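This briefing is meant for a reader who is meeting the structure for the first time. Please look over the sequence and the model below before reading on.

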Amino acid sequence: MASRKFSARVLRRSSGIVTMFRGMSAGAQPVPQAPVDFLKGEPHRKHPGVTNLKCLRLPMELQVAAQSIIKSAEVTQLPQRSHALTNLLWSRKRAVEDATLRKRAVSLEKKLWDEAMEKSSEDIDEEALDDHIRRKVFSELRRTTYHWTPLKYDEEFGVVYMAARLAGGYAAVRRALNEIKKRDPSFAPQSLLDFGSGLGTVVWASHSHWAASLKEMICVDSSGAMNILAERLLKGDDEKAQPHIKQVYFRQFLPVSPKVQFDLVVAAFTLSELHSVKEREEAVFTLWRKTSSYLVLVENGTKEGHQVLMEARETLLKKQEKIVHDSRPASVFAPCPHELTCPKLSQKLVVPCNFEQFYHPLPLPRHKEHQTEKFSYLILTRSGSTSQEETGGVDWARLIAPVQRRTRHVHCHMCCPDGQFKHMVVTARKHSRDVYRCARSSDWGDQVPVIQKVEDDVQSDSE
């Protein structure tokens, strides 16, 4: 009995000592607190920086119409051709500029002349040698230069494109537009301009977000065949039926008046199909001139697609038209948390800045149940940069890679407001419980709050 009392006494003393040391430890290393109103009343898994969507499906009306059109078209070897087109579009590059080509030719010609003069004797036939070098230069340029040709969208090609890209294109655009829907809930566009509208996926994606407010949607595509296909999709492949989405108008040219503006302007997978830097710059200026609130640009998530978007970003942030009709400047809304030079470009673009969206493709042969669309996007706004009050008093960084969740810590690779990439190991002890749980609930493409911490825990991706 005495031994039991002694044991209980020792146990109480030891637990008191442990409690005391725990208190000392907590006093020595205070847990940082997250900023006030950081979550804005939302649970951690739905914090303000979450903009990713679950696996997307095409609207049922659109899927049924697409299947009907594909079935009636009876395109030969459709699965193989749609697969080949997907690969072509993914590997497609920009056309080489004439100035770049001339520079390469001069450099190569000089190199060949130097080599020839070193090897040849004093008596040489310069005319014959010059002819030989010129032919060699042309041959080498033909072999090493990307041969860009415009795609011709006739009716049959449009059906192949539909089978290959309808669902993926819809998923990418809807994910990009969700950035506006989530971060600017008061935005209710009444007018939409879709440049390079193709099959009209932008209309369907916009309608899924703002069906109640959209009153006028202008689709511009130079291909009459694609406009016809897009209209058939809206009518469920029934000429006599009313379109599922009303107030949609198809054009082959942009509205002429520079003063006509639209609340939302979108160009998805379009800029990369323009032949030269000059054409792309003129198109971007024209689209910005038509924008009253948001301009959304979407491209394939390749190096080429990302560089096309960075060209557009540079054009609107650092250049100006001769005649300005709307003096409100452009500012980057997403995905960049800054307006400095993209750090991906300074790192020679080993991996492009891209994001992914899971989706269900059309139920066709050789299509998996789930697929992933990798895309790059850029959203510019006339409303100015987001204020600290609107972001809960903290800076937000963009996750540019999948989040790696480990025991009691999370690895986040992010693009930060200071224009740098950082690899941050987030823990509850060093960053607060709220920030840790938000980071753990986030994924590639979301935003996470940037909280200053011990310098040793912040590592640059370049190291």
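The model is a predicted one, and the count comes to three cavities of 30 Å³ or more. The largest cavity has a volume of about 140 Å³, while the volume of the second largest cavity is about 40 Å³.

**The largest cavity**

- A total of 19 residues line the largest cavity, and those that lie nearest its centre are H306, P335, C336, C342 and C353.
- Two or more residues of this lining come from each of helix 10 (303-318), helix 11 (343-346) and strand 8 (371-381).
- Among the elements, helix 10 gives the most to the lining of the largest cavity, where it supplies four residues.

- The residues that line the second largest cavity are C412, M414, M424, V426, V435, A439, V448 and P449.
- At least two residues of this lining are supplied by each of four elements, namely strand 11 (409-415), strand 12 (421-426), helix 13 (433-441) and strand 13 (447-450).
- The lining of the second largest cavity consists of eight nonpolar residues, with no polar and no charged residues in it.

Terms used: Residues numbered from 1 in each chain as written. Predicted model: local features only at pLDDT ≥ 70, side-chain atom pairs only at ≥ 80, totals over all residues. Heavy atoms only, no water. 1 Å grid on protein atoms, 1.4 Å probe; cavity = no way out; pocket = protein on both sides within 12 Å on 5 of 7 lines; lining within 4 Å. Points joined across faces, edges and corners; volume = space filled by probe spheres on them. Nonpolar A, V, L, I, M, F, W, Y, C, P; charged D, E, K, R; others polar.
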